[in-house]
Every structure is written in C-alpha cells, then in structure tokens.
Amino acid sequence: FALPVLTISGQIAIALKFPQWGLVINLIAQPFWLYSSWKSFKQAGQVGIFVTTIIFTVITALGIINYWIL
C-alpha cells in the first residue's frame, strides 16, 4: 500500500512545483522499492529493476542534498 501511495504523492508534489518535497516523499518510498526489487531479483532473477532502483535511490538522495543542504 505504501509503495504506490508514496510514489504517486512524490510525483504529484513535483508536478505541483514542489520538487524538494517530492524528492523527500520519493526517498521515503525507496525502502519499499528496494525491498520489492530485491524480492524480484531473488525470486525471478530480475536484476535490471534492482539496479535501476539503486541508481534512482542515489539520484534522489543527491537531489535532496542539492535542494536541502547546498
């Protein structure tokens, strides 16, 4: 339940011109994405979604550093 709600909320925040909050919401969703993609990788060998999730998590964290710290 948390995965689609947080992801869609983050995208809506970005679309409403609140990218800093959209990034925070998306980063909160990342543990759920990582768990889901890890399960897909272990059960079905879907390495692509797992690698993509890791890359997206790093990019989102860099965006938060850009908006909130620098």
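The following questions and answers concern a predicted model and its three helices.

Reader: In what order do the elements of the protein run from the N terminus on?
Author: Helices (H or I, at least four residues) and strands (E, at least two) are DSSP runs, numbered from the N terminus. The protein holds three helices and zero strands. From the N terminus on, the order is α-α-α.

Reader: What percentage of the 70 residues of the protein count as buried?
Author: A residue is buried under 20% relative accessible area, exposed over 50% and partly exposed in between, with a 1.4 Å probe and protein chains only. The C-alpha atoms fill a box of roughly 35 × 25 × 15 Å along the principal axes. Of the 70 residues, the buried share is 23%.

Reader: How much of the accessible surface of the protein belongs to carbon and sulfur atoms?
Author: Accessible areas come from the Shrake-Rupley method with a 1.4 Å probe; for residues, only the protein chains shown count as cover. The accessible surface of the protein comes to about 4,900 Å². The part belonging to carbon and sulfur atoms is 76%.

Reader: Within what arc do the buried residues of α1 fall, seen down its axis?
Author: The buried residues of α1 are L6, T7, G10 and A13. The arc is that of the directions from the helix axis to the C-beta atoms. Seen down the axis, these residues line one face of the helix, because they fall within an arc of 125°.

Reader: Which helix do the buried residues of α1 pack against?
Author: The face of α1 turned away from its buried side carries the exposed residues I8 and A15. The buried residues of α1, in turn, pack against α2.

Reader: Which residues does I25 touch, not counting those up to four places away in sequence?
Author: I25 lies in helix α2 and counts as partly exposed, at 21% relative accessibility. Contact means heavy atoms within 4.5 Å. Beyond four places in sequence, I25 touches L6, S9, G10 and A13.

Reader: Where in helix α2 does the kink of about 35° lie?
Author: The bend at a residue is the angle between axes fitted to the seven residues ending there and the seven starting there. Helix α2 covers residues 19-44, and its kink comes shortly before the proline P31. Among the buried residues of α2 are A29 and Q30, and the cover over its buried residues includes α1 (2-15) and α3 (47-69). The kink lies at A29.

Reader: With which residues is T57 in contact, leaving aside its neighbours within four places in sequence?
Author: T57 is found in helix α3. At 17% relative accessibility, T57 counts as buried. Its contacts are L27, Q30 and L34.

Reader: How many residues apart in sequence are the parts that the pair of W21 and W68 ties together?
Author: Rings of Phe, Tyr and Trp (its six-membered ring) pair if their centres lie within 6.5 Å; planes under 30 degrees apart count as stacked, over 60 as edge-to-face and the rest as tilted. The structure holds four aromatic pairs. W21 and W68 form an edge-to-face pair, at 4.9 Å centre to centre and 70° between the planes. W21 lies in helix α2 and W68 in helix α3, so the parts tied together are 47 residues apart.

Reader: Are W21 and W68 buried or partly exposed?
Author: W21 has a relative accessible area of 45%. For W68 the relative accessible area is 41%. W21 and W68 are therefore partly exposed.

Reader: Why is the pair of F41 and F50 stacked?
Author: F41 is partly exposed at 26% relative accessibility, whereas F50 is buried at 17%. W38, F41 and F50 form one aromatic cluster. The ring centres of F41 and F50 are 5.7 Å apart, and the pair is stacked because the planes lie at 10°.

Note on methods:
Residues are numbered from 1 along each chain as its sequence is written. This is a predicted model: local features need pLDDT of at least 70, side-chain atom pairs count only at pLDDT 80 or more; totals for chains, interfaces and linings use all residues. Side-chain values use heavy atoms; hydrogens and water are left out.
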